[in-house]
Amino acid sequence: MIRVNNISKSFSKFKALDSINILCEKGQSIALIGPNGSGKTTLIKSILGMVVPDSGEILFNGNTIKKDFHYRAEIGYMPQIGRYPDNMTIGQVFDMMKDIRKAKVVSLDEELIQNFGLDKIYDKRMRTLSGGTRQKVSAALAFLFNASVLILDEPTAGLDPLSSEILKEKIIKENKSGKLVLITSHILSELDDLISHLIYMQDGKIRLHKSISELKSESGQEKLSKAISAIMISN
Amino acid sequence: MNKVFKYIVIDILRNKTVLFYTLFLMVVSFTLFSFEENTAKGLLSLLNIILFIVPLISIIFSTIYIYNCSEFIELLICQPLKRKYIWLSLFNGLAASLSFAFLIGCGIPILIYEPTATGLIMILTGCLLSVIFVAISMLGTVSTRDKAKGIGKAILLWLYFALIFDGLILFLLFQFSEYPLEKLMMVISGFNPIDLSRITVLLRLDVSALMGYTGAVFKDFFGTTFGFIISLFVLSLWVIIPLIISTKKFQTKDL
């Protein structure tokens with residue numbers, strides 16, 4: 001579904017991505033992990049077309065994303081830090097996004113808006129919201145358009161345990177219905193029941209790209225965090 | 001085009017700055033016209049203020065607005081929208097609201113006191129100046145990431161066009177006063193939209209008789225319809241060229 005072919009990106013001297021190759025298929029749930037500054041967000045932003053790679057290409061359903069924008073209708077993106085126009089209310093932000101994407105939307109998925117209770121605070125202005133509530137708005141927006149690919153950049157950072165549980169259940173549900181999910185996270189324990197594949201990045205390179213069952217059988221560990229550390233040590 | 005444009009205009013209107021700008025222009029225009037007995041004199045004083053204030057407000061307001069808009073732009077970029085479309089909507093929103101503010105603030109008083117061809121030309125150049133400085137500010141913001149640096153750049157650009165450029169010209173004229181520079185001056189004036197607007201309007205007023213030989217040469221060219229069309233063309237180049245460059249840059253910008 002998404003194929004990343006040999007892309008590189010440098011920010012002046014710093015090499016953020018160094019000839020990356022990945023293939024993501026429909027129905028997979030992929031965790032993208034790695035230390036801070038290892039290029040996870042840059043990779044995601046390249047797929048979204050927010051960062052333009054220096055070389056290489058990205059294919060979405062077989063078509064290159066360069067100079068194309070329609071493919072983004074298939075993606076729901078939840079940014080690490082959701083930033084929205086300050087003097088709009090939550091309701092206005094949702095209405096605006098619906099309005100802008102209207103032509104391409106078949107059915108809306110407002111489950112998260114209800115489960116997070118966002119519909120009760122529709123007239124709150126964005127600048128008055130706490131970080132966690134902003135995250136909820138970002139999450140609800142990512143799922144709103146029933147996109148077939150979900151890209152979530154540290155989705156549960158800043159959410160309270162209850163909300164993060166709601167979000168995780170939603171992720172599992174959407175993944176089961178055949179959507180491709182791409183998650184970056186630092187909290188390995190919460191990824192355990194969420195993901196089917198794992199990509200480990202370091203210094204702009206991919207160190208590991210395996211399915212979870214492979215990973216567990218190779219390392220002989222049941223817990224994801226233990227399995228990863230065992231693999232990292234043996235490398 | 002309409003949807004993003006609509007949200008940008010609503011957002012600009014919600015931010016009261018443009019409203020105050022309109023009121024300010026209106027108060028200044030009415031005061032000047034009622035102070036001077038001769039409306040032509042009023043028009044001249046107004047021209048000097050417009051040539052100072054309109055570029056300043058247009059460039060500073062647009063620069064700050066675009067920086068504050070960065071969240072909104074990021075949000076739009078990951079939607080199925082063309083980058084060019086987002087950038088041009090932003091330009092249209094800013095250009096439309098600032099020229100509309102000028103139309104209301106200065107256009108109405110001018111039409112009341114001086115409903116002549118000269119008045120209309122002044123309204124037209126005022127609107128063009130607003131749009132030109134929106135385009136210039138967009139070129140400045142797309143190439144500068146840091147907000148403080150970007151605003152500093154905008155102020156410097158305005159200083160350059162409003163003051164420094166004239167100083168350089170004066171220096172040049174004094175240094176080469178032995179040579180016939182009139183023709184060259186006409187070309188050079190095209191490099192500063194503020195000067196070009198000043199000349200275009202000034203030559204329609206009686207005071208141009210006081211400008212000596214250079215004034216006569218200028219009047220020979222800019223005073224004709226052909227010269228007027230040329231100056232409008234050069235002014236619109238000041239919109240189109242910065243806009244094309246900034247759009248190109250925005251299309252490959254990392255966010």
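I take helices (H or I, at least four residues) and strands (E, at least two) as DSSP runs, numbered from the N terminus. On that basis I find seven helices and ten strands in chain A.

I am working with a predicted model, in which local features need pLDDT of at least 70, side-chain atom pairs count only at pLDDT 80 or more, and totals for chains, interfaces and linings use all residues. I number residues from 1 along each chain as its sequence is written, with chains lettered from A and ligands numbered from 1 in the order in which they are written.

**Entry: chain A overall.** I looked up the extent of the C-alpha trace along its principal axes, and it spans about 55 × 40 × 35 Å. The radius of gyration is taken over C-alpha atoms, and the globule rule is 2.2 Å times the number of residues to the power 0.38. For 235 residues the rule puts a compact globule near 18 Å, and chain A agrees because it has 18 Å. I call a residue buried if 20 or more other C-beta atoms lie within 10 Å of its own, exposed if 12 or fewer, and partly exposed in between, with C-beta atoms placed from the backbone. Of the 235 residues of chain A, 41% count as buried. Two residues are in contact if their C-beta atoms, placed from the backbone, lie within 7 Å. Among the contacts in chain A with a separation of 6 or more, 70% come from residues 24 or more positions apart.

**Entry: chain B overall.** I find eleven helices and zero strands here. The C-alpha trace of chain B spans about 60 × 40 × 30 Å along its principal axes. I count 38% of the 255 residues of chain B as buried. Of the contacts in chain B between residues at least 6 apart in sequence, 78% join residues at least 24 apart.

**Entry: helix α1 of chain A.** This helix covers residues 40-48, and eight of its nine residues are buried. Among the buried ones I note A:I44, A:I47 and A:L48. After α1(A) comes A:G49, with a positive phi near 80°.

**Entry: the nonpolar core.** I use the term for a set of buried Ala, Val, Leu, Ile, Met, Phe, Trp, Tyr and Cys residues joined through C-beta atoms within 7 Å. The largest such core has 130 residues, of which A:A140, A:I151 and A:L182 touch the most other members. Helix α6 of chain B (residues 117-143) gives the most to this core, with 14 residues. I then listed the contacts of A:I151, leaving aside neighbours within four places in sequence: A:I44, A:I47, A:L48, A:I75, A:Y77 and A:L182.

**Entry: A:H197.** I find A:H197 in strand β9 (residues 197-202) of chain A. It counts as buried because it has 21 C-beta neighbours inside 10 Å. Not counting residues up to four places away in sequence, A:H197 touches A:Q28, A:I30, A:S211 and A:I212. I also checked A:H197 against A:L32: they are 165 residues apart along the chain, with their C-alpha atoms separated by 8.9 Å.

Entry: I looked up A:S19, which has a positive phi near 35° and sits in strand β2 (residues 14-24) of chain A. A:S19 is partly exposed, because 14 other C-beta atoms lie within 10 Å. A:N146 has a positive phi near 55° and is in the loop between α4 (131-144) and β7 (149-153) of chain A. With 15 other C-beta atoms within 10 Å, A:N146 is partly exposed.

**Entry: α6 and α7 of chain B.** Axes are lines fitted to C-alpha atoms, for helices over the stretch in contact, and angles run from 0 to 180 degrees between N-to-C directions. I get an angle of about 145° between α6(B) and α7(B) (residues 147-175), with the axes 9 Å apart. The residues that meet are B:I136, B:S137, B:G140 and B:T141 in α6(B) and B:G150, B:K153, B:A154 and B:L157 in α7(B).

**Entry: the contact of chains A and B.** I find 18 residues from chain A and 18 residues from chain B in it. On the side of chain A, helix α2 (residues 90-101) gives the most, with four residues.
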